[in-house]
Amino acid sequence: CLTEHFNTLQFDELYGYLLHQSKREGDALLLENGLRIFPGMETDIAEGGHILSLGTVETILELNQRLAAHKQPGHFLPFEKLLDLFREYDVLVGAAHPYREGGHIPELPREQLERLDFLDLNGKDLATNRQQAEQRTYGLGRQLGIPVVSGSDTHQAVQYGCVTTVFERDCDAISALYEEMRAGRYAIDL
C-alpha cells in the first residue's frame, strides 16, 4: 500500500505516473516487475497525528482534491470530520504510527477510534524501540478490536520493506485486503 502524504507536491502526478507504468488488477496497480500497489494517502489531523486511507486510485485522487483547503498546518481537519469525509467513500481507514511523538491519536475519543479499520505498526517506531512500539500498538488494537498491520514509513529507498505485512492470499481488491486483515491471515515480517 502506497500512502504518500496528502500534501506532497505533485501528489496527483505521482499516481498519474503509476497509472501510466502499470496495469489495473482489481483495485490495485500492477507493475511489470510484479509489484502490486494499493493506492492510498496519509493525512494530517488537527489534533496531531496521521490517518491512512486506502482505495482505488480514482477515489484517493478525488479525496486528495477534496482536501485541497486543508493541506497546511492550521487548516488540517479534525479527526472526526476527516473520518466523516472518508466514510463517504469505499476506503479503508487506519491510524499511522499512533504513538509517534507529536501525535495524539490514542487520546482521541474511543467511539471515534473504533471507526478505524486498522492500526499501523511502523518501521520507524520499531527501529527506535521495538518492544514499546509493539506493546502499545498491539494493546490499542486489542482495545479497539481492530487489526494491526505494518508500515515501513519509507522516506528513503533504504527504508522500503524494513517491515512488511505478508498476507496468506494474494488480493487485488480493497475489500479482500480488509477481509484478510480482519481474519488475521497475515504475519508481520521484520
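Predicted model: local features only at pLDDT ≥ 70, side-chain atom pairs only at ≥ 80, totals over all residues.
1. Ground rules: residues count from 1 along each chain as its sequence is written, and side-chain values use heavy atoms, with hydrogens and water left out. Local features need pLDDT of at least 70 and side-chain atom pairs pLDDT 80 or more, while totals for chains, interfaces and linings use all residues.

2. Take H1 (residues 11-21) and H2 (residues 57-66) to begin with: they pack at about 170°, axes 10 Å apart. That makes them roughly antiparallel (over 145 degrees), and H1 passes H2 in a left-handed crossing.

3. Who touches whom here? From H1 come Phe11, Asp12, Tyr15 and Leu19, and from H2 Val57, Ile60, Leu61 and Asn64 (contact being heavy atoms within 4.5 Å).

4. Now the largest pocket, with about 1,300 Å³ of space. (A pocket is an open set of points on a 1 Å grid where a 1.4 Å probe fits, with protein on both sides within 12 Å along at least five of seven lines; lining residues have an atom within 4 Å of a point.) Of its 38 lining residues, Cys1, Leu2, Ser150, Ser152 and Tyr160 lie nearest the centre.

5. Elements giving at least two residues each to that lining include strands S1 (2-5), S6 (50-54) and S9 (148-151), plus helix H6 (174-183). By class, the lining has 19 nonpolar, 12 polar and 7 charged residues.

6. The second largest pocket holds about 190 Å³. Among its lining residues are Tyr99, Arg100, Glu101, Asp125 and Arg136, and the lining divides into 2 nonpolar, 4 polar and 4 charged.

Technical notes:
Axes fitted to C-alpha atoms, helices over the stretch in contact; angles between N-to-C directions. Helix = DSSP H or I, 4+ residues; strand = E, 2+ residues; numbered from the N terminus. Parallel < 35°, antiparallel > 145°, perpendicular 65-115°, else oblique. Left-handed = near helix turned anticlockwise from the far one by under 90°. Points joined across faces, edges and corners; volume = space filled by probe spheres on them. Nonpolar A, V, L, I, M, F, W, Y, C, P; charged D, E, K, R; others polar.
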